[in-house]
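Please examine the sequence and the structure displayed below before reading further. The explanation then moves through the model step by step.

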Amino acid sequence: MKIKKIKIGFFCFLTSFSSLAEDTIPFNIDYSSLESTNPLQFYANVRALYGEGIESNREGRTREDFEQLKLGLRYQRNLPYNWFFKGNIRGVFLHREDRNDFTKNETWNAHFEAREFFVENKQLINDLPLGVLAGRKQFRDDRGWWYDNQLDVAQLQFNSSLFNADVSYGGRLIDERVISESQNIGFEDSEFIIAHLDYQFYYQHHFQAYTIYQKDDFSNNRKGNVFDNNSSVDSELDLLWIGFRFNGLFSLADKSKLNYWVDFATVNGSEREFTTFDLSSNQQVINDTRNINVSYGYGIDLGTTWKSANENWGLAANYAIGSGDSSDSNRQSSYRQPSIANNKGKILGNQRVRLYGELLRPELSNLQLVNVTAGHRFNEYFWLQASYFHYWQVQADKQIDASILTISPNGKNKEIGNEVDLTLMTSWTKNFNAQLTLSGFHAGDAYDQKVDSKYAYKGVLELQYYW
């Protein structure tokens with residue numbers, strides 16, 4: 001892995017001698033919030049949540065408290081010879097407490113994050129549409145279905161008005177995030193190859209294709225190794241995803257707008273799981289490993305949104321499925337989403353939300369879900385949307401990849417349950433945004449004989465200020 005890191009650094013050094021660029025940025029990243037006359041911008045973000053899970057008849061009710069403060073700055077500037085630079089660094093301060101009726105795990109932490117730090121040239125040689133990028137880049141697709149994370153990469157680009165493509169190689173040279181509310185961390189010992197193309201085959205209608213290859217080498221994850229209980233022991237992946245997306249926008253006769261998307265992906269490769277047991281209240285040890293062959297797993301996500309001509313009303317519907325089978329088998333066709341995906345994007349309002357539900361937050365693996373959302377804009381400052389989710393497994397299984405507020409199903413019934421999210425979004429000025437989400441969940445018959453209470457609750461408040 002060290003040799004490959006040196007290769008990345010050497011490639012980044014070579015690309016620094018190229019010239020000429022355009023102003024557009026890859027991966028649909030929107031920099032419009034940064035004033036061109038002031039390349040430096042400071043920001044603060046406060047996030048707080050409280051949740052109570054369904055009540056297990058063995059361990060009681062799981063509770064989660066989380067408070068986080070982020071203080072950072074963004075800087076972007078056009079450099080000589082038409083190079084472009086962007087940086088985004090911040091300090092993060094957090095408190096987290098997970099507990100049930102018998103155990104308690106509390107964490108206080110402060111750490112530094114380099115969200116983005118890259119240079120880019122969109123046009124290397126005269127009028128040829130070839131470009132390069134080197135450094136830490138925020139990879140994000142519109143729905144967080146492929147990727148929504150930061151990677152240190154060397155990237156080659158092809159940029160034209162109707163067709164864009166890029167291929168990236170990298171990982172995380174330094175993973176400075178010790179612990180985070182997001183599960184998408186721990187990539188210092190991972191390699192990624194990401195390729196993506198976008199073809200606008202008709203005005204406002206796109207065909208996109210992508211492939212993601214991930215290979216992990218977690219040298220500390222070996223049988224007998226001891227960790228503290230705050231550390232996560234993630235599976236080692238050697239997986240290849242191939243997928244495509246059709247998406248577009250129709251302007252209807254009454255001037256309302258209809259948006260659609262169709263996502264499909266398949267995954268093949270292998271996965272190594274690590275099981276642990278507690279040595280004490282503060283330590284755990286890896287006691288076993290299991291190798292899983294993954295073949296022909298598939299995921300599908302399709303949906304549509306409609307917004308009125310004055311954009312005061314909106315409706316959305318979404319169906320998604322990730323193939324599944326028994327988690328006990330060493331040969332599986334269950335779909336796994338990429339580790340750098342988080343299923344976060346916009347539904348109707350102008351702020352991003354958890355597309356598969358704020359409370360359950362499931363990975364699309366051995367799972368089907370239906371979502372219906374309705375929204376209303378009261379004025380230029382307030383948007384309210386309500387979402388209903390229904391979840392059920394493809395194959396009844398005792399494992400579900402979801403938030404800590406859920407417990408293992410009984411493995412006999414498929415219906416996971418229903419969730420309702422109520423989200424209020426506010427933008428009082430262009431520099432201040434706020435979002436409040438209240439979630440309720442009712443477990444289905446997949447939790448029969450497993451719980452004393454099938455109800456769970458969660459509230460999330462987020463404030464953002466830019467200056």
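The following paragraphs treat strand pairing and then salt bridges.

The structure is a predicted model, in which local features need pLDDT of at least 70 and side-chain atom pairs count only at pLDDT 80 or more, while totals for chains, interfaces and linings use all residues. Residues are numbered from 1 along each chain as its sequence is written, and side-chain values use heavy atoms, with hydrogens and water left out.

Strands are DSSP runs of E with at least two residues, and helices are runs of H or I with at least four; both are numbered from the N terminus. Two strands are said to pair if DSSP finds at least two bridges between them. Five residues lie between the strands in the hairpin of E13 and E14, where glutamate 311 takes a positive phi near 60°. With strand E15, residues 331-332, E13 pairs in the parallel sense over two bridges; asparagine 293 stands opposite arginine 331 in E15.

The side chains supply a second kind of contact. A salt bridge is counted when a side-chain nitrogen of Lys or Arg lies within 4 Å of a carboxyl oxygen of Asp or Glu. Across the whole structure, a search finds 26 salt bridges. One of them brings together arginine 290 and glutamate 273, with a distance of 2.9 Å from N to O. This pair links distant parts of the chain, since arginine 290 belongs to strand E13 and glutamate 273 to strand E12, 17 residues apart.

Accessibility describes the surroundings of such residues: buried means under 20% relative accessible area, exposed means over 50%, and partly exposed lies in between (1.4 Å probe, protein chains only). Arginine 290 is partly exposed at 22%, whereas glutamate 273, at 18%, counts as buried.

Glutamate 116 forms a salt bridge with lysine 137, their closest N and O atoms being 3.8 Å apart. Both glutamate 116 and lysine 137 are buried.

Another salt bridge joins the side chains of glutamate 106 and lysine 104 at 3.9 Å, N to O. Glutamate 106 is partly exposed, with a relative accessible area of 35%, while lysine 104 is exposed at 57%.
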